[in-house]
Amino acid sequence: MPFLTRLRRPGARNAGVAALTVALALLLAACGQDKYPDSIFHQRTDFNRDVDYLFKILIYAGTAVFIFVEGILVLTLIRFRRRPNQPEPEHVHGNTALEITWTVIPLLILVVIAIPTVRTIFKTQAAARSDALQVEVIGHQWWWEFRYPQFTMAGANGRVDTVVTANELYLPIGRTVNFTLKSRDVIHSFWVPALAGKRDVVSNHTNYLWYTPDSSGANVWNGACVEYCGTSHANMRFKAFTVTEADFNSWIAHQQTMAQSTAPAPAAPAAPPASATGATTQKVAGAPPAGGAPARATSSPAASAAGVGVPTAPAAMAQVAQAGFVSFPRDKMPAHTIPQTPLPAGLRFDDNALAGGNAASGEKLVTTGACIGCHAIRGVPVMVSTTGPNLTHVASRTTIAGGIYPNDARHLARWVKNANEMKPGVIMPTFGIGEYDPVTLKGPVKIGFTDQQIADIVAYLQSLK
């Protein structure tokens with residue numbers, strides 16, 4: 001046969017050996033779990049162990065069936081291949097015993113697969129234990145909101161607030177966590193692959209997911225939306241932190257406090273100089289100081305009026321120090337959990353302005369401007385919106401913009417200046433004067449913030465530990 005002759009050629013044999021070598025190399029590479037920290041097969045939770053056990057049954061049973069079927073096929077090809085002057089092999093059509101055999105064997109295989117599959121489904125879909133930590137997960141386009149309804153505190157106007165954060169999820173090691181999954185807009189899908197399987201987040205239906213991170217150790221894990229949800233679906237990420245019970249309790253206690261600025265307190269004004277006649281020089285209210293620059297505010301009018309203004313720097317820093325564990329140490333985050341998203345090439349910012357950022361001025365800009373329409377800061381009565389992420393302790397978070405940029409001054413300044421340039425489709429307006437909005441194609445912005453004002457806003461936000 002020409003076909004079999006081609007198979008017996010040296011070139012064909014070499015190609016087969018090469019293909020087999022590549023396949024074995026890929027198989028061995030896939031076995032190195034340390035190279036794939038986001039894999040679900042690390043058995044760090046009870047959920048992952050159940051999935052891993054079921055996967056192994058399926059893959060082993062499937063491999064056995066594949067080897068058996070392919071073995072019979074190869075044997076048939078060799079034994080019953082056409083030969084000169086050989087009669088036609090006997091047909092088996094109508095062989096009742098053989099037909100029963102190849103019907104019963106697949107049935108038994110399906111039973112072997114079905115029993116652990118159904119058992120795993122019922123276990124993972126069952127209600128969580130009554131003493132589980134409750135976490136409400138709310139999907140937004142394109143960021144995650146996490147609420148801890150078991151931990152409450154007094155809010156403004158007699159309201160009861162719960163601990164709420166954005167894009168960073170803290171879980172105590174060894175305690176079962178029950179996630180209540182909701183969406184504010186479209187269908188999302190919640191997944192921390194290193195800890196458990198994914199679960200859809202639907203706008204008109206509440207889903208649940210629970211697991212116990214009992215073998216994870218104190219570490220950071222990548223999470224993401226894995227159901228296409230619009231323009232920035234690929235940019236909808238978050239971090240999950242597994243910490244000790246003591247560190248979790250300390251973190252919760254800190255989250256229950258109001259916004260605490262750790263910015264340096266503005267220098268006290270110098271005493272007015274005496275005139276030649278001995279009288280002191282009086283400053284006209286509202287007039288600029290001797291350098292010509294306008295005087296900077298020291299606290300927001302809204303906060304001051306409510307009597308809950310941001311604490312002075314020494315007091316706030318002492319409160320943060322006493323809080324103990326405030327956030328996961330950034331120097332201990334694994335490299336694969338640190339965002340590497342490049343900044344847009346055309347987005348410019350004067351980084352020198354960041355060195356002179358004034359948190360007091362930034363506070364006034366944030367708490368009396370457009371920010372109050374979308375964000376909340378506990379301790380500032382006019383900032384209670386839930387349209388955007390809660391900013392109460394934003395400086396303690398490791399990332400911004402739905403987990404795709406590090407939370408540092410350089411990235412935060414550009415985010416405030418032109419968020420749509422950094423993450424397409426977000427509803428946050430373009431604030432930088434002279435900037436063009438890449439989505440609406442409107443611009444240049446004429447009413448907004450200068451680089452120095454943005455630097456002030458960044459200084460304030462980075463003081464909210």
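## Helix H11 and its cover

In this predicted model, the buried residues of helix H11 are covered by elements that include helix H8 (359-368) and helix H9 (409-417). Helix H11 spans residues 451-461, and its buried residues are Ile-454, Ala-455, Asp-456, Ile-457, Val-458, Tyr-460 and Leu-461.

## Ala-395

Ala-395 lies in the loop between H8 and strand E11 (399-400). Its relative accessibility is 8%, and because buried means under 20%, Ala-395 counts as buried.

Leaving aside residues up to four places away in sequence, Ala-395 touches Arg-330, Asn-407, Leu-461, Gln-462, Ser-463, Leu-464 and Lys-465. One of these contacts, Leu-461, is also among the buried residues of H11. For Gln-462, the separation from Ala-395 is 67 residues in sequence, while the C-alpha to C-alpha distance is 4.7 Å.

## The helix pair H3 and H4

Helix H3 covers residues 46-79 and helix H4 residues 96-125; their axes come within 10 Å and cross at roughly 165°. Angles over 145 degrees count as roughly antiparallel, and H3 and H4 are therefore roughly antiparallel to each other. Their crossing is left-handed.

On the H3 side, the contact is made by Phe-47, Asp-50, Tyr-53, Leu-54, Ile-57, Leu-58, Ala-61 and Val-65. H4 contributes Ile-109, Ile-113, Pro-116, Thr-117, Arg-119, Thr-120, Lys-123 and Thr-124. By class, the residues of this contact divide into 10 nonpolar, 3 polar and 3 charged. On the spacing within such lists: an α-helix has 3.6 residues a turn, so residues three or four places apart point the same way.

## The five-stranded sheet

An open sheet is formed by 5 strands in the order E3-E2-E1-E5-E8, with mixed pairing. Strand E3 (160-166) and strand E8 (207-211) are the edge strands, each pairing on one side only. On average, neighbouring strands of this sheet are turned by 30° against each other, direction ignored.

Within the sheet, strand E1 (residues 133-140) and strand E5 (residues 177-183) run parallel and are joined by 7 bridges. In this pair, Glu-136 stands opposite Thr-180 in E5. Helix H5 (residues 245-255) packs on the sheet, where it touches E1, strand E2 (143-154) and E3. The direction of H5 makes about 85° with that of E2.

Notes
Residues are numbered from 1 along each chain as its sequence is written. This is a predicted model: local features need pLDDT of at least 70, side-chain atom pairs count only at pLDDT 80 or more; totals for chains, interfaces and linings use all residues. Side-chain values use heavy atoms; hydrogens and water are left out. Two strands pair if DSSP finds at least two bridges between them. Helices (H or I, at least four residues) and strands (E, at least two) are DSSP runs, numbered from the N terminus. Axes are lines fitted to C-alpha atoms, for helices over the stretch in contact, and angles run from 0 to 180 degrees between N-to-C directions. Contact means heavy atoms within 4.5 Å. Buried means under 20% relative accessible area, exposed over 50%, partly exposed in between (1.4 Å probe, protein chains only). Angles under 35 degrees count as roughly parallel, over 145 as roughly antiparallel, 65 to 115 as roughly perpendicular and the rest as oblique. A crossing is left-handed if the near helix is turned anticlockwise from the far one by less than a right angle, and right-handed if clockwise. Ala, Val, Leu, Ile, Met, Phe, Trp, Tyr, Cys and Pro count as nonpolar, Asp, Glu, Lys and Arg as charged, and the others, Gly among them, as polar.
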